[in-house]
Amino acid sequence: MQTKLFERFNFVVFISAFALITFGLLAIYSATYGNELVSGNFTKQLISACIGILIVLAIMYTPPKYLSMSSYLFYGLVILLLIAVLFLGKKIKGQTSWFSIAGFGIQPSEFAKVATVMALAFFLSNKHQDADVTKPRDFFFAVGICIIPVVLIMLQPDMGTTLVFLFLLLPVLYWAGMPNYIMFFIIAPAITAVCAFLGTWYFVAAVLFIIAMMLLFKRNILISVVIVCISIASGLSVNMVYSKLQPYQQKRIMSMFNPESDPLGAGYNVIQSKIAIGSGGLTGKGFLQGTQTQLKYIPEQWTDFIFCMVGEEFGFIGSIAVVLLFLILIWQTIHIAYICKNQFLSICCIGFATIFSFHILINLGMIMGIMPVIGIPLPFMSYGVSFLLSNLIMLGIILNAYRNRKDYV
Amino acid sequence: MDLTKRKNFYYVFSFIICFVIGGRLVQLQVINPEKFDKDAERNSVKTIITTPARGLIFDRNGRLLVDNKPSYSVTITKKEFDTNAIGIVCSLINVEPAFLKEELKKIEGTNRFIPTRIMRDVDFRVISFIEENREILKGVDYSIDPIRLYPTDFRGTHLIGYTKEISQNMLNKQQGDYYKQGDLIGTTGLEAGYENYLRGEKGYEFILQDSKGKEVGPLNDGKNDVKSISGYDLILSVDADVQKYAETLLEGRTGGIVALDPNNGEVICLVSKPDYDLNYFSGKLSPQVWTALNTDPNKPLFNRATQTRYPPGSTYKMVSALASLEEGIMKPNSTIPCEGSFRFGDKVFGDHGAYGSITIPTSIEHSSNVFYYKLVLRIGLDNWSKYGRILGFGDKTGIDIPEETKGLLPSTEYYNKRYGPKGWTEGYVVSLGIGQGELGVSPVQMANYTAMLSNSGTYYQPHLVKFLKNPQTGELVPVTYKKRELPIKKEYFKIIQKGMYLVVNGNGTGRSIRSSEVQIAGKTGTAQNPHGQDHSWFIAYAPADDPKIAICVMVENAGFGATVAAPIAQRIILKYLLGLTDESEVKETFGAN
């Protein structure tokens, strides 16, 4: 019995996820401590986590067939919600991304991440359609699955979440069998765009790199030339678009990359969060003892900036523990994706691992001032009922994949 | 096989992400957390500087002369201040926006994090407005600062002095960084002379504040706070009654009075008129008042007791007399014939009488000019200068307020420099013999000189402060001053003293101030003034046989020393020694016995 339980249940994933949730709850408790306006957040998150465990277990025990079959349904439902939220949603801080249901805010874009990964996985693993991502038709269908929520979320507008969708597509396609050179074709324009923004010499270097790679891949000369041209065009257009922007928009972009340039505006939070984490030192200031956290230097710290509290009050030891928990979780998920014979579940796992990785990179990178200021939350830890539930749905599917790893479907 | 490769690619990729994040954590938290620690502290800890109470000032009898009272100052912490609020703040404290912007510009460097005083002595109305509108007035606060209170009608303007907001220039020149913009600093008089004792030590309170600037409570329960330490109190040698009386005697006139105790150099009173109300400088000094004080033709800010440079007239004759005795040019009983006038070259120097051959005491008694014309030529300029310097001229007396001039004691070098080695003759020296010409002295120098004449040649550094009182322990710390014996034999002073005694008690120029109870010794002087009426001098000490007070009275443009300055000196002596205001009161009091 004991061995059978271990056989069917991945404790490593489960425990690391719940350790992260516990860290998150402590952090939310600390960040909202003594703040009447948001003192309910801890309780809400706790209730969500408790309900979440039931959901995790429910999903884990659902037969994989039902999960894959419900993918399009779930996806369609989420798309409807994303459309509806634009008309019925509450506008908070310039973004229309929330429904308010019975006092709980529901954010469809968070569930859209899960649904999109599932829909992609379902499409790419569907034996009957025999999808092949190297075929343009199937490739663009897959891109289409991603683009619909992207467009709807851009209308809210929520740039951070939009980026998640764009970034999850490539790893998923790669896992589904996209050849290396096509991957490179897709990435090439993005590389030149970023490098062009950094400076002319970066741009030139990037173009030379792409030409070298094209020669290395030894593909059709016409395609290679087209790719290089597209890359150059994308690089040039970035600066053109940038120069056409209003000064205030330029300033926002600049402060994304250099928060110090706008210490009272966009850069404020990052400067404060760096101070919070840095001042935590090796062992931290102790639970509820962080001056930055307790004196509310970081606005809405319980959402995107929740890690500050860990950094400040638990120090390097606490922080590195969180990072290691994430690494364990992600590696296990990749491992499950690898060993799982069900292709739908395998692709789902890779999609979720990508989502987690991207969130961690952007969120922690932003908080510590090495990534642009893009507001996306930290998985399992940031306050947000929708976000936590969507994370737990992913956890449930990952556990389901482990449980059913030996079954072909 | 291909899938295994791809899996590893994902492993590596996610590891790189975590590695970058972990590396950044090491950089922030392990390598240099101190930098962020400081930032975090600066952020959340508000430093409040508590201004210590300035030391109080008491007279010799323990009467409180200078006190403190609380006043409110508006402060701005630049780092937190929202420049959009400039308009509100300006109308609140009633200044031009340009002024405030200028003040804000001055706040730089470390000052950005601490509150800086922008306006002193504001109404309570202003304070309550700030309290009620903290949200819109971020960075604006107030502090309670002690300012000077003068509890009695005692003025003592020039001896007490005033405090003033420290100037940019002084801030830049200060050693260390004790003073901050908007701080008060003793600028004149005792306030300046004893600034380092009076000011005390500032305290620091550390208060936690949240991001809205709301105070949350003391940091570490106030354990890190540094209490401010009150300044030392000054116990003066000044007698408030005598000072007040001396001030009334000089009221309406221009001049200076200094009275010393010849036994120790203690200043009994120090008056300069015209003066001004020190209350102008307590709280905020209005620019109009400041301009008026500076442009007043009577120069009320000028300390005439210590800063004037007038010729002393005949009061200086004793310098030549002492020089001639000590140098052996005159014997105690030597005489000089005084014909009533003196021809030097083709110039005739006059006198007010012909006295025949007279000794030194008689020459002093009658203030014979011819005697001293002849005498100064005998002793020569170099000896005359040498004894002038021994008796404290041409140099500061060392009184413990910063406003003091050295005066001018001409010497051979001086004349050579001024007129060229051949550009001057001995005729210049003749007028120096009677205290005229380029010789320039101040009342405090004259009082010091009088004290040394009366005590037979001991220099005591004149001083206003007897003790510093430690406000914590109540301990009285005596202040040590210089003392030295002059290189002149005591017996020669006796000859001078005899002459000065005769001035008042013989048939001399000061006989009008003779007192039935107190034996006063003195010397009149009239300083020729090319710009107007002569300045009236009188120096005196009493009682003649056991001097307890040495005084110099100088009244500008008042004519003969005997008519104006001498009666003032006499009244102050009577007031000090007997507590009576004048000779008629003395007669009433003692005649009845």
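In this predicted model, the largest nonpolar core holds 125 residues, and those touching the most other members are Ala259(B), Cys269(B), Ile551(B), Ala565(B), Ile572(B) and Ile573(B). Helix 14 of chain B (residues 369-390) gives the most to this core, namely 10 residues. The core lies between domain 1 (55-211) and domain 2 (240-275 + 303-591) of chain B, because both domains give residues to it. Apart from this core lies another, of 116 residues, including Leu152(A), Val164(A), Ala401(A) and Phe36(B).

Leaving aside neighbours within four places in sequence, Ile572(B) is in contact with Val242(B), Tyr245(B), Ala246(B), Leu249(B), Ile257(B), Ala259(B), Cys269(B) and Ile551(B).

Chain B also contains an open sheet of five strands in the order 12-11-23-22-21, with antiparallel pairing. Strand 12 (267-273) and strand 21 (521-527) form its edges, each pairing on one side only. On average, neighbouring strands of the sheet are turned by 5° against each other, direction ignored. Six bridges join strand 11 (residues 255-260) to strand 23 (residues 549-555) of chain B in the antiparallel sense, and Ile257(B) has Val553(B) in strand 23 as its bridge partner. Helix 10 of chain B (residues 240-249) packs on the sheet, where it touches strand 11 and strand 12; the helix direction makes about 25° with that of strand 12.

The contact between the chains takes 37 residues from chain A and 29 residues from chain B. On the side of chain A that touches chain B, helix 15 of chain A supplies the largest share, 12 residues. By class, this side has 24 nonpolar, 11 polar and two charged residues.

Conventions:
Residues numbered from 1 in each chain as written. Chains lettered and ligands numbered in written order. Predicted model: local features only at pLDDT ≥ 70, side-chain atom pairs only at ≥ 80, totals over all residues. Contact = placed C-beta atoms within 7 Å. Helix = DSSP H or I, 4+ residues; strand = E, 2+ residues; numbered from the N terminus. Nonpolar A, V, L, I, M, F, W, Y, C, P; charged D, E, K, R; others polar. Core = buried A, V, L, I, M, F, W, Y, C linked by C-beta atoms within 7 Å. Buried ≥ 20, exposed ≤ 12 C-beta atoms within 10 Å, placed from the backbone. Domains from an automatic or database assignment. Pairing = 2+ DSSP bridges. Axes fitted to C-alpha atoms, helices over the stretch in contact; angles between N-to-C directions.
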